[in-house]
Amino acid sequence: MTPWSTLLALAGDATGSWLAQLKNLATHPWVVNLVAMAVILGANAAFFAVITLLERKGLGRIQNRPGPNRAGPFGILQPAADGIKMITKEDIVPERADQLVHFLAPLVMLAPITLALAVLPYGPQLVAVNLDAGVLFFFAIGTAGELAAFMAGWSSRNKYSLLGAMRAIAQMISFELPLVLSTLVVIMMTGSMSLVEIVAGQGSAAWGLPGWNIFTPWGLAGFLIFLTAAAAESNRSPFDLPEGESEIIGGFMTEYSGFKYAVFFMAEYFGMFAVSGLGITLFLGGWHAPFPFLEWVPGIFWYVAKLVALVFGFIWIRGTLPRLRADQLMNFSWKFLMPLALLNFATAILWHATAGWQFPGAWLCRWLVCFGIVAGAFTGLGRAMLRRRQVGPRIYRYAS
Amino acid sequence: MPGFGIIKGLKETARNFFGSYHDPGRFVTIQYPEEKREHHENYRSFPFLVYDGDPVKGLRCVSCKICEKECPPQCIYIVPEQDGSGKLLKFPRIFDIDVSVCMGCQICVEVCPFDSIKMDQEFEVSTADRFGGLILNRSKLAKSNEYYHQIRPAEATAVDAQLAAERERQQAKAAAAKSPAPAAAATREKKP
Amino acid sequence: MLTLNHFLLLSAALFSVGLAGVLARRNAIVVLVGIELMLNAANLNFLAFWRFSKNPEPLAGVMFALFSIAVAAAEAAVGLALVIAIYRHCRTTNLDQVDSLKG
Amino acid sequence: MQLAFTIIALLILAGATAAVALRNLVHCVLCLAVAFVGVAALFLLLGAEFVGLAQIMVYVGAVAILMVFALLLTRNADLPATGPLVSKSWLTGVSIAALVFGCLAIGILASGVGQAAPPSPQLSVRQIGEELMRNYVLPLEVLGVLLTVSMIGAVVIAMTDPKPD
């Protein structure tokens, strides 16, 4: 029962039969599903508009400039202006491009991401689809982005597009492993792949502290790994090599203009929302309030607050860090994040095995031991990676 | 410990972020159409012609065409005035500068022996007419010496002093030429 | 009404299309495409038999399909590595021209 | 159910046929991805959610991408517009495939296994996991070894020795 139908049920009982009929119509699965779709899409599109403005303003402030402030008071109409500009721009398709693939690529990029938004629990009752294998669904859907990037890059018949697409695919494949490994820890500790159950497992608070996964050593390390890999998966800076404006023009989006470009842009932001939503669900307690006495505030509020905080974190990181080089990116993924994620997995197993400790201070002891392992691994791997930092001629062993 | 550099960077950007709200002095940008940046005196855009007094008759230009020859992108076009008999006068009938070609190199100013062409500071030259609007003719180029003083006070004063000295020397020369003229003529006659 | 026969016929058709691709095309990568299609047809059969069996509680069909998917991934990786190695050696992926072992 | 099956079946067959028949190899691989997605949809229709999602993840996310990479590394994405597409013995191949389909179809229709589906089994991920860890733990371990070996093997086969400078 969604709150929507509950409300209608109440109303139908109170007043006459025509309302009851309306209730029957409104609780029909098709109607409920359509309403859920419209709400999810509409809310995310509105959020997209707000976030683009927030990002431009925030980046501006980080660079000591005011950001867009012309369209409307304080520039709040800037997203509308951008949208009108994008829609009315000429849609240019290169003459030698593969017309059909070029047309399909933005759609293949956007459609799966909107599917991923459907399985996230936005509140105690606000779950459009509760899949038993929700996390797996999320990652299965995410793979379509790689294919879409390839389609866009290849069909444009432009070397920069192809280079960007190759970079995008290599990056997405490399960072998918740490991403999955960091979520695997949560799945193992919760014992479920359903996002609803994962959120439900984080509700219990001990000593006034929230029971979120991030407040455990494996959860903290997992969250940091997840955040890094998520930034790379959604092509956010400092991992925005696939777009790298200063190197390869616009990456696989070089030959796109007008509304198709807007669709790519939208897909990128929706991807960021989806992956942030997954992070919230897995590590930050989903729609749970931070403290028990705040539970009267609706869950959707906490979800949106956490989402805004995470997205602002992404914007902050974008304003701070320079772009990585391609080989640094690969080294970072395979030689740092992967071993760290595996060690984090081992830490989670230790945490699980020591759950039976009963002596006084056992919890603190467990916490410190596990945190020590993770922090030691982080320091050691980081030192090793920094020591390896030599630049020399590159050898192309596979592409000859 | 690795990773602290990132935190340091994040701290710096956060300081910028919050600082920009309570300290407007941090802003590196200005709101252009409303407020404009103060120029240095040496800032230059495109050339203009200086006149003293009358905007047409007072032009210092003698249409010697040195600047036309020296201009690297060849953006200056000069036609001298002629009198009824076809004799060239020391005055430009047409003086055009195509500012879409001009690169602001200031060579015309360097070579002008009469200090008649100088660099302007006007930069808002955008126009809807792509061809006609960017060719400045004689009347558009002519600007008074007072304007020159206004935009470059130091340089204009130096130029004025130099011109005055030149004029004085000319007058002295003319005066000298008037009185000992017969003697000079006589000595010249004797020579061959 | 959907019966087992529908799935089996579809799977047979998918298998035959893959087989035709393997036998008829000259390009090594298209041959691999055909092999993948045939593997998919087999997986479809496993799951259809599992779903339509009298007693679907033992998960044998699902397990077999899962293992087959994993093995197919390994097969694709090695197969494509072989294609790349052959291309590097012969500068072609045309299978009719890679016949230096022919007597 | 019937309608969904018909649509998905047509999608699969169209994708598969295009994947083996098109001239442009990149189009082939993209059509193959369509066929993979269709098969995954059929898995979902059969109630095997986990297998369907694994199918998408492995086939679309890994195999199709791998094929695309192989295509670009072997530089024959741009085939000549003319020239023979099929091998010399293509007629034999296609007739063998048709024969196989005929035999299979006759066998299936004659076998009388076309029963209706029993009530949908409730298949949870937990069930699959427990099964994997109890009855199928040996195959799982062997599979892990196989994947590692094949990964190393693929790297060794595709790697060229670094040229001595």
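Chain B and chain C do not touch, and their nearest C-alpha atoms are 36 Å apart; two residues are taken to be in contact if their C-beta atoms, placed from the backbone, lie within 7 Å. Likewise, no contact joins chain B and chain D, whose closest C-alpha atoms lie 31 Å apart. The model is a predicted one, in which local features need pLDDT of at least 70 and side-chain atom pairs count only at pLDDT 80 or more, while totals for chains, interfaces and linings use all residues. Residues are numbered from 1 along each chain as its sequence is written, with chains lettered from A and ligands numbered from 1 in the order in which they are written.

Helices (H or I, at least four residues) and strands (E, at least two) are DSSP runs, numbered from the N terminus.

Chain D itself has six helices and zero strands, in the order α-α-α-α-α-α from the N terminus on. Of its 165 residues, 32% count as buried; a residue is buried if 20 or more other C-beta atoms lie within 10 Å of its own, exposed if 12 or fewer, and partly exposed in between, with C-beta atoms placed from the backbone. Among contacts in chain D between residues at least 6 apart in sequence, 53% join residues at least 24 apart.

Helix α3 (residues 60-90) of chain C packs with helix α6 (residues 137-158) of chain D at an angle of about 10 degrees, with the axes 8 Å apart. Axes are lines fitted to C-alpha atoms, for helices over the stretch in contact, and angles run from 0 to 180 degrees between N-to-C directions. The angle makes α3(C) roughly parallel to α6(D), a term for angles under 35 degrees, with those over 145 counted as roughly antiparallel, 65 to 115 as roughly perpendicular and the rest as oblique. Residues of α3(C) in the contact include F67(C), A70(C), V71(C) and A74(C), and those of α6(D) include P139(D), L143(D), L146(D) and S150(D). By class, the contact of α3(C) with α6(D) has 18 nonpolar, two polar and no charged residues.

Turning to chain B, an open sheet of three strands has the order β2-β3-β5, with antiparallel pairing. Two strands pair if DSSP finds at least two bridges between them. The edge strands are β2 and β5 (135-136) of chain B, each pairing on one side only. Strands β2 (residues 76-82) and β3 (residues 88-98) of chain B are joined by six bridges, where P80(B) stands opposite P92(B) and I78(B) has F95(B) as its bridge partner. Five residues lie between the strands of this hairpin, and G86(B) takes a positive phi near 90 degrees there.

Strand β1 (residues 47-51) of chain B is mostly covered, with five of its five residues buried. Three bridges join β1(B) in antiparallel fashion to β4 (residues 117-119) of chain B, with F48(B) opposite K118(B). Strand β1(B) also pairs over three bridges, in the parallel sense, with β6 (residues 142-144) of chain B, where L49(B) has A142(B) as its bridge partner.

H288(A), in the loop between α11 (258-283) and α12 (299-320), is buried, with 25 other C-beta atoms within 10 Å. Leaving out residues up to four places away in sequence, H288(A) touches V199(A), Q202(A), G203(A), P210(A) and W302(A). F74(A) has a positive phi of about 55 degrees although it is not a glycine, and lies in the loop between α3 (29-62) and α4 (78-88) of chain A. F74(A) counts as partly exposed because it has 14 C-beta neighbours inside 10 Å. N235(A) also has a positive phi of about 55 degrees without being a glycine; its place is the loop between α9 (217-233) and α10 (245-248) of chain A. N235(A) is buried, with 24 other C-beta atoms within 10 Å.

Technical notes: Nonpolar A, V, L, I, M, F, W, Y, C, P; charged D, E, K, R; others polar.
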